[in-house]
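Subject: Structure handover

Hello,

I am passing on the structure we talked about.

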Amino acid sequence: MPYNPQIHHRHSIRLKGYDYTQPGAYFITICSKGRQCLFGNVVNGEMQLNSLGHIAFNCWQTIPDHFPHIELDTFVVMPNHLHGILIITDKPVGTQQFCALNQHLDCNTEQFGKPLPGSISTVIRSYKGVVSKRINKIWQIKGQSIWQRNFYEHIGREQKSVDNIREYILYNPLHWADDLENPQHNFDDRDFLFDIPF
């Protein structure tokens with residue numbers, strides 16, 4: 001099935017039993033809690049990051065520092081979400097040892113409360129945690145996640161699919177007015193995390 005942004009970045013299509021430590025390209029979308037526009041605004045088709053957006057951007061760039069088996073590809077921080085491609089280049093160190101110690105587990109998937117070292121879920125959990133912690137420090141609160149629970153992903157199995165996803169990410173700011181994540185399309189009376197004037 002060809003990549004369709006209206007389908008693939010809206011729903012988690014995690015495959016049961018799929019090994020998410022397996023080398024390959026993973027298209028990730030993470031949304032802010034309540035889809036509040038925390039990270040800046042799109043002006044004339046370009047994303048203008050605020051201080052919180054710079055935190056989200058800079059932390060994404062440091063993922064390979066903490067997970068050496070991950071390479072960054074195209075990504076963009078949008079007002080209320082982030083799109084990015086993460087490439088697992090090699091099986092992460094520690095996965096085999098984890099599976100050997102936990103032979104009763106299905107080692108291709110994470111078990112609740114037992115993250116699989118180096119898996120995409122572990123990488124995203126770490127990223128979301130550090131961004132939330134840094135933003136909480138600015139706002140002088142504790143333990144508040146700024147992200148929606150979970151994340152959306154799509155596995156790029158063919159080069160054409162990955163190229164289409166790259167193009168979608170690069171042009172995302174230009175299409176912000178039509179993006180279903182834009183609060184103009186799905187605004188309701190939500191409780192906002194922070195009072196941020198834009």
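Predicted model: local features only at pLDDT ≥ 70, side-chain atom pairs only at ≥ 80, totals over all residues.

Salt bridges

As background, side chains of opposite charge can pair when their charged atoms come close. A search of the whole structure turned up 3 salt bridges.

One of them joins Glu181 to Arg35, with 2.2 Å between the closest N and O atoms. This pair connects distant parts of the chain, 146 residues apart. Glu181 sits in the loop between helix 6 (159-170) and helix 7 (183-186), while Arg35 sits in the loop between strand 1 (24-31) and strand 2. Both Glu181 and Arg35 are buried.

Another salt bridge is formed by the side chains of Asp73 and Arg166, at 2.7 Å from N to O. Asp73 belongs to strand 4 (residues 70-77) and Arg166 to helix 6, so this pair ties together parts that are 93 residues apart in sequence. Are these two residues buried or partly exposed? Asp73 counts as buried because its relative accessibility is 18%, and buried means under 20%. Arg166 has a relative accessibility of 22%, so it counts as partly exposed.

Arg166 also meets Asp163 in a salt bridge, at 2.8 Å from N to O. Here the two partners both lie in helix 6, 3 residues apart, which is about one turn of the helix. Asp163 is partly exposed, with a relative accessible area of 35%. Taken together, Asp73, Asp163 and Arg166 are linked in a network of salt bridges.

The hairpin

Strand 2 (residues 40-43) and strand 3 (residues 46-49) run antiparallel and are joined by 4 bridges. The hairpin made by strand 2 and strand 3 has 2 residues between the strands. Asn44 is located in the loop between strand 2 and strand 3. With a relative accessible area of 76%, Asn44 is exposed.

Two backbone angles

Most residues other than glycine have a negative phi.

Asn150 is not a glycine either, and has a positive phi of about 70 degrees. Look for Asn150 in the loop between helix 5 (120-139) and strand 6 (152-156). Asn150 is partly exposed, its relative accessible area being 43%.

A surface patch

Which residues make the nonpolar surface patch of about 250 Å²? The patch is made by Ile138, Trp139 and Ile141. Ile141 lies in the loop between helix 5 and strand 6. The relative accessible area of Ile141 is 34%, and Ile141 is partly exposed.

If you want a place to begin, select Asp73, Asp163 and Arg166, which form the salt-bridge network. After that, go to Glu181 and Arg35, the buried pair, and then to Asn44 in the loop between strand 2 and strand 3.

Regards

How values were computed: Residues numbered from 1 in each chain as written. Heavy atoms only, no water. Pairing = 2+ DSSP bridges. Buried < 20%, exposed > 50% of the residue type's maximum accessible area, 1.4 Å probe, protein only. Salt bridge = Lys/Arg side-chain N within 4 Å of Asp/Glu carboxyl O. Patch = residues over 30% accessible without salt bridge, like charges linked within 9 Å, V, L, I, M, F, W, Y side chains within 5 Å. Areas by Shrake-Rupley, 256 points an atom, 1.4 Å probe, with all protein chains shown as cover.
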